[in-house]
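Good morning, and thank you for the time.

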Amino acid sequence: MPTYVYETIPSGKGTKPRTFELKQSMKDDALTHDPETGDPVHRVVSGGYGFVSPGYETPGTTSRPSGGCGSGCGCGA
C-alpha cells in the first residue's frame, strides 16, 4: 500500500500547515479532512522513485561513449 503525504490548509493568517503521512489503497479517495483535527487537507504531489536500467535509452536521445569512471555508476566520466 502506498504512503501519501497530506498537508492541512491553513484557516487563517499566521496558521502553519501540518503535514502528515497516511497509508492508503490506490483505490481509496484522497482525504478531504485531517482525521485528527477535522481541518481541510490536500494531498501533496511529490516525486516518485525513478527506475533506470543500464543500456536503456529514451527515444530521441543520443548514445554516450562507454568507458567512464569504471564504477558502473553510469556517470559517463
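I shall begin with the basis of the model, then turn to the sheet, and close with the side chains.

This is a predicted model: local features need pLDDT of at least 70, side-chain atom pairs count only at pLDDT 80 or more, and totals for chains, interfaces and linings use all residues. Residues are numbered from 1 along each chain as its sequence is written, and side-chain values use heavy atoms, with hydrogens and water left out.

The protein chain contains zero helices and three strands; here helices (H or I, at least four residues) and strands (E, at least two) are DSSP runs, numbered from the N terminus. Read along the sequence, the pattern is β-β-β.

The three strands form an open, antiparallel sheet in the order β2-β1-β3, where two strands pair if DSSP finds at least two bridges between them. The edge strands are β2 and β3, each of which pairs on one side only. Neighbouring strands are turned by 35 degrees against each other on average, direction ignored; the axes are lines fitted to C-alpha atoms, for helices over the stretch in contact, and angles run from 0 to 180 degrees between N-to-C directions.

Strand β1, residues 3-8, pairs with β2, residues 19-23, over five bridges, and V5 stands opposite E21 there. In β3, E7 has H42 as its bridge partner, and T8 has V41.

Buried residues make up 9% of the 77 residues in the chain.

A search of the whole structure finds one aromatic pair. The ring centres of Y6 and F20 are 5.7 Å apart and the planes are at 20 degrees, so the pair is stacked. Rings of Phe, Tyr and Trp (its six-membered ring) pair if their centres lie within 6.5 Å; planes under 30 degrees apart count as stacked, over 60 as edge-to-face and the rest as tilted. Both Y6 and F20 are buried.

Finally, the charged end of R43 sits over the ring of Y4, 3.9 Å from its centre; the criterion is NZ of Lys or CZ of Arg within 6 Å of the ring centre and within 35 degrees of the ring normal.

Methods. Buried means under 20% relative accessible area, exposed over 50%, partly exposed in between (1.4 Å probe, protein chains only).
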